[in-house]
Amino acid sequence: MSFSDSGSSSNGGDYKTFRQITRESELLLPILCVLKSGLLHASGLLYEMLRPEGSKSTWKVLVVDELTVKILSSSCKMSEFTQQGISLVEIITKQRQPMTSMEAIYFIQPTEANVNALLSDMTGQSPLYKKAFVFFSSPVSRSLVTLIRKDMKAMKRIGALKEMNLEYISMDSQGFITNNENALEDLYSDEENHQRADACLNVVAKRIATVLASLKEYPVVRYRGAKGLDATTMTSYRELIPTKLAASVWNCLTKYKQTIEDFPQTETCELLILDRSIDQIAPLIHEWTYDAMCHDLLKMEGNKYTHEVPSKTGDNTEKKEVLLDEEDPIWVELRDVHIADASERLHEKMTNFVSKNKAAQLKQSSKDFGDLSSKDLQKMVHALPQYSEQIDKLSLYVDIARTINRTIMEQGLRELGQLEQDLVFGDAGRKDVIKFLSTNNDINQESKLRLMMIFAEIYPKKFAGEKGRKMMELAKLSGDDVVAVNNLRLLGPVHTECKSSTTGSFPLKFDVLKTKRAARRDRVGDTQTWMLSRFYPIIEELVEKLNKGHLPKQDYPCMNEPRPTFYSSSQSPSASPVLPHSRRTPSWARRHLSDDGYFSDSVLGRASSCIKKKGQRIFVFIVGGATRSELRACHKLTEKLDREIILGSSSFLDPHTFLTKMKKMNEEEEISLDDIDI
C-alpha cells in the first residue's frame, strides 16, 4: 500500500536519486495532490475505509510526531510546504488550538497512541479540524485499522488514508538513518537484554523496508554470518544480530510483495547487512577528509555549524548558523577530499574571486592575498550586495578550513595521525606507541583514548595483562576510559571468560580471533596524493567484492537466492551489470568553476546532474552506527563501480559520540586502574 510511483528501481524506469524519491514522490506529491483535489485513492487493507471528498481549503495544518518531523526536516524546507499551502506545523502529542475552518494533513507513525490522538482530534462536538488527510509512515496493523473503522464520527471527517512507506531520515543523496540512536547500546550491552534488542531490530528492519518500498527495490539480501570459535562454542546473541536483522527485513519485503501495487516480484538490487563489529577502527581513527574533520574537530550539531560573522554595523561579530549539506555545491565538492586539498581549492577559489571582481581588486591593492582575511573581504563588499552571497559562502569554508588546520597544529594531530595509520597498516607497534606517549604531552585525553583503543583492537595480545596496564597508566586513562577500552570486546565474538566478573575485576582479554583482524593492506592501484590518506573502511573492500561476485557466501550468506539471470549481464572489471533501461545520475558529480570563483551553471552553482546510465543499486546497512569515512567510500564507489551505493545505518557516529557510547555500554560503577585484577 505504498504511494510511491517512482518507477526508479533497478529494473528500469526513469531514474531519480535516493533523496529525490524521498522529497518528491513520497512527500511533496501526496501533499500537492491533497491541496489540489483533496482526493487520494487507497488500496489493500485501507480501501474500504476511504471516503474521499474534495478539498476546498486554501491553507492547511500539517500534524506530525517526533519521528516524522525529523523525516520532513531532513528532506524539505518549511518554505517548500508554505508554497504548497501549509500554514502551520503541529506536534500530535502536544495540546493544540481548534482550527475548525481548516483542513489538516497528518503524517504520523502507525502507533496506538497516534491513532487514538487522531480519533480524539476528529470526534466530539468540536473537532480540531474540518477534515483530516492521514498519511502513515509505515504499514498499519490490522488492529489499528479496526480501531479506526469503528469510529464512524471520525471516519466522516477523514478525507484520505494512506500508507506512505517513508520511515527513514535521508542524510544526503546516498545516505539514510533509521533514527535508532541507542541501537549500539541496546544490541551490544553486556547484559544482553534480548527483549529490548529484538524490539530494536524489529523497528530497524521495518524502516529499512520502507526505504526499499519507496524506491520500488526488491533486493538480494546478504548479511554477515555468525562466526563461532568452534563447534562446541555457543553463538552469542551479538553474533546473530545481522542474521536476525536480515530475517526481519526479509519478512517485511515478503509482505510488501503481496500488498504493494507494482512492487517488483524478482530481484532488482543487492542489500548487504552488517553491524558495527565489522570495523571498529573506522569510528576511532582520525579521518583527514573535510567532512570527517568538520564532524570530528568542530562543535557541530548534525549538519549544523555555528560561526561568527561581522555584524551589519561592522563593529562587532555575531553568531550565525549554517547547514553543511548538498544544497551547497561547494560542500559537495569539498566534503570527500583531503583537508590539504580542500585548503588548496579554497585558496584557488578565493584568489579567482579577488582577481575577477573590481571591489576585491581595490582591496587587494593595499594587501597581499596572504594577509587578506575573510572578515576584510566581507567588509569590502558590504556596499556591493551582488557579491555578498558569494563571498559569504567562500568565507565560511575558508574559515572552517583555517579552524581545522589550527586545531591540527595545536593538538599535534599530524604525528598522531601518522602513528594511527602506521598501526593500522602494520608499520608500527607497541614500542612506537610508548615512545609517542612519552614524548607528546600536548595530545588531549580523548586522542590518547582513541589511540589506545586502536592499538588494543589491532594487537590484543600485546595489550593484555601487565603490558596493557602499563600502557594505560602511561596514557593516564581515567576509569571511564578504561571501561571504553574493555567494552571493545562487546563488539566481537565473546568468550564466557571475557565477561566482567561479579567482583568488579577488569580482565583485559580480547578475542583471539581479533589478532590483526582490523589491520589493512595497501590497496593495489590506489595512489595517495596526500599524506595520511591511506586508511579506508572495511566496507570499501566488501562492496567491491560484492560487485564482482567475490563476496564469500560462507561468510556472507544469502537470505534469498537470486534468480539465475540476476548476475548474467556482462560486466567489466570495474563496473557492475548495467540493465538496458536503468538510468542513474550521481547527484554529487563535480561542477565547473566560473570566472568569478563560483560554479558556472548559476550564481550559487545549483546545477542539475548529468544523466548517466548506472547499474543495479547496492544498499549497505550497518546496524550500530556508520561513520563519515564509510559514507565517503560509498560516494567514491558509486563513481568507480558505476552503481549507486546507498549507505544506511541506525545512526551516524562521530568519534566523540562513539567513545561516549562505549563508556556507557555497561551501566556499572566507575572503576579505575587500581581495580584491575591482572
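Which residues are buried in helix 9?

**Figure 1. Overall view of the predicted model.** The protein comprises 678 residues, of which 58% count as buried. Its secondary structure consists of 24 helices and 13 strands. Among contacts between residues at least 6 apart in sequence, 79% join residues at least 24 apart. The protein exposes about 29200 Å², and carbon and sulfur atoms supply 50% of this area.

**Figure 2. Close-up of helix 9, residues 241–259.** This helix has 19 residues and reaches 27 Å from its first C-alpha to its last, close to the 27 Å expected at 1.5 Å a residue. Buried within helix 9 are Ile241, Pro242, Leu245, Ala246, Ser248, Val249, Trp250, Cys252, Leu253 and Tyr256. An α-helix has 3.6 residues a turn, so residues three or four places apart point the same way.

**Figure 3. Packing partners of the buried residues of helix 9.** The helices that these residues pack against are helix 7 (183–188) and helix 8 (194–214). The strands are strand 8 (219–223), strand 9 (269–275) and strand 12 (615–623).

Figure 4. Arginine 450 counts as buried because its relative accessibility is 1%, the cut-off for buried being under 20%. Leaving aside residues up to four places away in sequence, arginine 450 touches Leu284, Ile285, His286 and Asp296, together with Pro655 and Leu659.

Definitions and conventions: Residues are numbered from 1 along each chain as its sequence is written. This is a predicted model: local features need pLDDT of at least 70, side-chain atom pairs count only at pLDDT 80 or more; totals for chains, interfaces and linings use all residues. Side-chain values use heavy atoms; hydrogens and water are left out. Buried means under 20% relative accessible area, exposed over 50%, partly exposed in between (1.4 Å probe, protein chains only). Contact means heavy atoms within 4.5 Å. Helices (H or I, at least four residues) and strands (E, at least two) are DSSP runs, numbered from the N terminus. Accessible areas come from the Shrake-Rupley method with a 1.4 Å probe; for residues, only the protein chains shown count as cover. The expected span of a helix is 1.5 Å times one less than its number of residues.
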